[in-house]
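Biologist: I have a structure open and would like to understand it step by step. Could you take me through a few places in it?

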Amino acid sequence: MIAWVRNPWGRPRWLAVVTAAYVLWSIVPVGIAILFAFNAGRSRTTWQGFSFHWFTGSTGSVLHDPALQSALEHTLLLAGLCVAISTPIGVALGLGLQRWRGPGGGTVNTLMLLPLVTPEIVMGVALLLLFLRVFPGIGLGTPAQVIGQVTFTLSYVVVMVRGRLASIGREYEEAAADLGAPPHDQLLRVLLPLLAPAIIASAAVAFALSLDDFVVTQYLSSDASTTTVPMLLYASARGAPTPALNAIATVALVITLATLTLAFLVYRRFAGGREAVELASLEV
Amino acid sequence: MSGRWTWRLLSLPGVGWLSVFFLVAFYAVLCVAFGNQDTLSQPVPFWNPLDWNVGYVLDVLRNIWHGGQYLTVLLRTLAFVAIAMALALLVGYPVAYFTARHAGRFRGLVLLGLIVPFWINYLMRMLAWINLLSPDGWGTRVLHDLGIERLFLWLGLLSTRGGWLDGQEATVVIALVYGYIPFLILPLYAALDRIDQRQIEAARDLGASPLSAFLRVTLPLSMPGILAGSVLVALPMFGDYYTPDLVSASTRTNMIGNQIDEFTRQGSEKVTGAVLTLLLALILLALMFYYLRSTRRAAAEHAA
């Protein structure tokens, strides 16, 4: 530390040590949790040998336990529906906002950004009361969960689309207009193809956000059939579960990271590395 | 159709969606908080603001004024968030600083290490610690062997040996730090990365000591990142209920989020729950708008 104060251009060892310790601290516990998913015994704290039992075994595994299976299926169902709805609406809103002229744009922009900064419990309570008292016909359950997830993933899609639009600039559109393309052709044949990497990436982010979501999904759930993987983790982490819980968390983690890696690669291929890093860190 | 209307039409579904499921939903919280409840203690919202009943709001305010349960919970939340935020800054700043300035050829790797936790499910990260800190867990053993357990016992931060998960305030605060610190480090890294190295060199050339160059150039220039990052971790911490539930499972560590969760999702006091939600939203509104304004300004500078 003293050496660093004397000469900050030298390699500050203690900073490197703190950083390495931090990265280890943030990743190793999860690594150990993943390791225990492969434990042969029933313990999540004592290592009893390596096995795939909790993934594919005939009893109590992710593949064969009805509760785990249902949670995984429901999580993926919600994520699929969430992406299918929030991507088109979000892309349209992103395009609309980026090119919005005249009054109203600022207000709509603030409205779009608010879900990003609203604590989830506030949104959870608000949507819970909405579905109990304003739309009792929808009620709680899968449709409510999808709607809730779309409401907060939408903003991420918009922000990412707008970021890409800003870096594309207006030249291509103007060129198309100069060449006589009507507005809908400018949109469909010029802008959308240029936007494709951002659309794919934002769909992946929406998928990952939906998969990871806990609060809104929990508030809008109705019965056991609407339990997702994060809800399962919350409900049984403190109980006396088997390593199957670690196994299902691992499966969800692999799906999330694979989706995001794929999106990252697509985005980097078409839009450049720096933007891709900003994307991965959700720098909004 | 003029181009101008094409864009407005494109915005329509999104605006409609957010109006119904965000604005109307929020209005429903207001109408429940200023409403009543029926004999089954289900909420009866009053949709017309002229009919609003202030009874439940006054009850909560009176409770806080007289130092009741809600005040205790609010103050505990504030204390937890403040300590967790300070600790997160203390750990996060050096990490962000190193990554932005000195990571060299390891920068990509370190960045990956900073981003990955961001995408690991929060509950899985808590599950990992629950396994480690259970009485026979590896973490409990390591903390014992390193003497950290003794230190915490001596400091009064841990009440029994190996009892890390039995309603310990220190465990909740550290879990909050662990859970939300990625949200702090990334904006901080971005802010530090944007600082023009030449400004620091200029300060050094003009005779500033390394320490005063840091304190008078780097630190002030990274202030927007510190503030943005602090807001980004404070907002979800204020609304957290699952972290105390998971790592403490005791009402001794209840935060405002736990109180709201008990009243609304689990319980039958949805009206009071709505009042508390409103109170929380009001407390956080200033932070939310501060963050939105600062990102807008940053975006404008970015574009310029």
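Modeller: Let us start with Ala249(B), which sits in the loop between helix 12 (242-247) and helix 13 (256-266) of chain B. Helices here are DSSP runs of H or I with at least four residues, numbered from the N terminus. This is a predicted model, where local features need pLDDT of at least 70, side-chain atom pairs count only at pLDDT 80 or more, and totals for chains, interfaces and linings use all residues. Residues are numbered from 1 along each chain as its sequence is written, while chains are lettered from A and ligands numbered from 1 in the order in which they are written.

Biologist: What is the phi of Ala249(B)?

Modeller: Ala249(B) is not a glycine. Even so, its phi is positive, at about 55°.

Biologist: Does Ala249(B) count as buried, exposed or partly exposed?

Modeller: We count other C-beta atoms, placed from the backbone, within 10 Å of the residue's own: 20 or more is buried, 12 or fewer is exposed, and in between is partly exposed. Ala249(B) has 15 C-beta neighbours inside 10 Å, so it counts as partly exposed.

Biologist: And Ala198(A), is that one buried or exposed?

Modeller: Ala198(A) is placed in helix 9 of chain A. It has 27 C-beta neighbours inside 10 Å, so it counts as buried.

Biologist: Leaving aside neighbours within four places in sequence, which residues is Ala198(A) in contact with?

Modeller: A contact means that two C-beta atoms, placed from the backbone, lie within 7 Å. With neighbours within four places in sequence left aside, the contacts of Ala198(A) are Met160(A), Val161(A) and Arg164(A).

Biologist: How are helix 8 and helix 9 of chain A oriented to each other?

Modeller: Helix 8 (residues 171-178) and helix 9 (residues 183-212) of chain A pack at an angle of about 150°, with their axes 10 Å apart. Axes are lines fitted to C-alpha atoms over the stretch in contact, and angles run from 0 to 180 degrees between N-to-C directions. Angles under 35 degrees count as roughly parallel, over 145 as roughly antiparallel, 65 to 115 as roughly perpendicular and the rest as oblique. That makes helix 8 of chain A, relative to helix 9 of chain A, roughly antiparallel.

Biologist: How are helix 2 and helix 3 of chain B oriented to each other?

Modeller: Helix 2 (residues 55-65) and helix 3 (residues 69-101) of chain B pack at about 70°, with axes 6 Å apart. Helix 2 and helix 3 of chain B are therefore roughly perpendicular.

How values were computed. Helix = DSSP H or I, 4+ residues; strand = E, 2+ residues; numbered from the N terminus.
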